[in-house]
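Please examine the model shown below before reading on.

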Amino acid sequence: MRGLDDFLAECDHAPRINELAGFFAATAAGKNGVPLRKPVVDDRLLPRDQLLRDLVGLHAARQGFFDQHYHGSIPYRLEEECRMAYAVLKYARDRDRPLSLYSLGTAEGTMARTLSELSEGQIRTLSCSPNPENYECFMAYGAPAHADFFIGPFHRLTKDVLASTPRLADFSSGFDIILEDTTFQMYSPNRPDQIEFVSQHLKQDGIFVFVEKFRATDDTDYRLREYQKDFGFKARYFPPEEIEKKKAAVLNTMFGNEVTVADMGEAIHQHFRHCALTWNSGNFYCLAASNSEENLNRYVSKMAAPAIPHEYVYETSVHGGSSD
């Protein structure tokens, strides 16, 4: 990509691995941000299916410290992660060859590891985090078959690193699915370059899934959705002083790196012809994009209905979400 050195320098100076590094390290180690109780899936919101039940059970057993903090912070994100993983499992079962998935910035990589274990090799995964504390949680249940972990920020995982690392070399041909989970917003608002950099790892017909917190077009709407998140959901897991502490230490910095859904749509369409909104929870959205309309439609068709109460949902589609 053009301007690669400038982009790498931008990432090296990002809040995620500088002023916010202490927060992420302490939370990943279970020394900070521990919820009052472990978040659990609300089974009433998901289909009754044995494969899904097995997935939910293994996912719960494999969670580490940061995942518990994360899923206690975003309304119904845990249910959505299981819904997403269930769709990936079914998508992979339709293929005549193994599926590769790259999950960047997803703490201890619980979803990725769960997919590799349940699929018994049909899904090979790579997770990525700058924090060795997350790697320790990833390894807490033993080295998983068919699941790997890169310790380092996403911009330091290059094609050369993949090709020159024996255990990761098979990934150098590209991934079928890439998941960016609230990562870009911790670095900068430069979505076009972030997407371009990571897309080098995506196969031509692959699917890029983005989970991010977005700015609203109206500041009042943004604040009201934050109040709903904090007092309608987050208060179940964290005391008021903990919520305010995180807002001052992390969220105010993160806000400067958030973009609007419209801005994200423009950045996505610089690289992908098709895009679909698959989930919304207040200011958080999940978007899936691909240059293969067939693969994107097949993936979305595998998804159960969003497992979230309707009062948290504000958008159900991306306006102008597909272009040829």
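The crossing of helix 9 and helix 12 is right-handed. A crossing has this hand if the near helix is turned clockwise from the far one by less than a right angle, and is left-handed if anticlockwise. Helices (H or I, at least four residues) and strands (E, at least two) are DSSP runs numbered from the N terminus. The model is predicted, so that local features need pLDDT of at least 70 and side-chain atom pairs count only at pLDDT 80 or more, while totals for chains, interfaces and linings use all residues. Residues are numbered from 1 along each chain as its sequence is written, and side-chain values use heavy atoms, with hydrogens and water left out.

Helix 9 spans residues 191-199 and helix 12 spans residues 261-268; they pack at about 40 degrees with their axes 9 Å apart. The axes are lines fitted to C-alpha atoms, for helices over the stretch in contact, and the angles run from 0 to 180 degrees between N-to-C directions. This angle makes helix 9 oblique to helix 12, the term for whatever is not roughly parallel (under 35 degrees), roughly antiparallel (over 145) or roughly perpendicular (65 to 115). Arg 191, Pro 192 and Ile 195 of helix 9 make the contact with Met 264, Ala 267 and Ile 268 of helix 12, contact meaning heavy atoms within 4.5 Å. By class, this contact of helix 9 with helix 12 has 5 nonpolar residues, no polar residues and 1 charged residue. Here Ala, Val, Leu, Ile, Met, Phe, Trp, Tyr, Cys and Pro count as nonpolar, Asp, Glu, Lys and Arg as charged, and the others, Gly among them, as polar.

Helix 5 (residues 77-93) and helix 13 (residues 293-301) cross at roughly 125 degrees, and their axes come within 8 Å. These two helices are therefore oblique to each other, and helix 5 passes helix 13 in a right-handed crossing. On helix 5, Met 84, Ala 87, Val 88 and Tyr 91 meet Asn 295, Arg 298 and Tyr 299 of helix 13. The contact of helix 5 with helix 13 comprises 5 nonpolar, 1 polar and 1 charged residues.

Between helix 3 (residues 50-62) and helix 6 (residues 110-119) the packing angle is about 130 degrees, with the axes 9 Å apart. Helix 3 and helix 6 are therefore oblique to each other, and helix 3 passes helix 6 in a right-handed crossing. Helix 3 contributes Asp 54, Leu 55, Leu 58, His 59 and Arg 62 to the contact, and helix 6 contributes Thr 110, Met 111, Arg 113, Thr 114, Glu 117 and Leu 118. This contact of helix 3 with helix 6 has 4 nonpolar, 3 polar and 4 charged residues.

Attention now turns to the spaces. The structure holds 3 cavities of 30 Å³ or more. On a 1 Å grid over the protein atoms alone, a cavity is a set of points where a 1.4 Å probe fits but cannot get out, whereas a pocket is an open set with protein on both sides within 12 Å along at least five of seven lines; lining residues have an atom within 4 Å of a point. Grid points are joined across faces, edges and corners, and a volume is the space filled by probe spheres set on the points.

The largest cavity has a volume of about 490 Å³. Of the 40 residues that line the largest cavity, Phe 24, Phe 66, Tyr 70, Thr 182 and Met 186 lie nearest its centre. Among the elements that each supply at least two residues of this lining are helix 6, strand 2 (123-129) and strand 4 (175-181). The lining of the largest cavity divides into 19 nonpolar, 13 polar and 8 charged residues.

The second largest cavity has a volume of about 40 Å³, and helix 10 gives the most to its lining, with 4 residues. The second largest pocket has a volume of about 210 Å³. Helix 10 also supplies the largest share of the lining of the second largest pocket, 5 residues.
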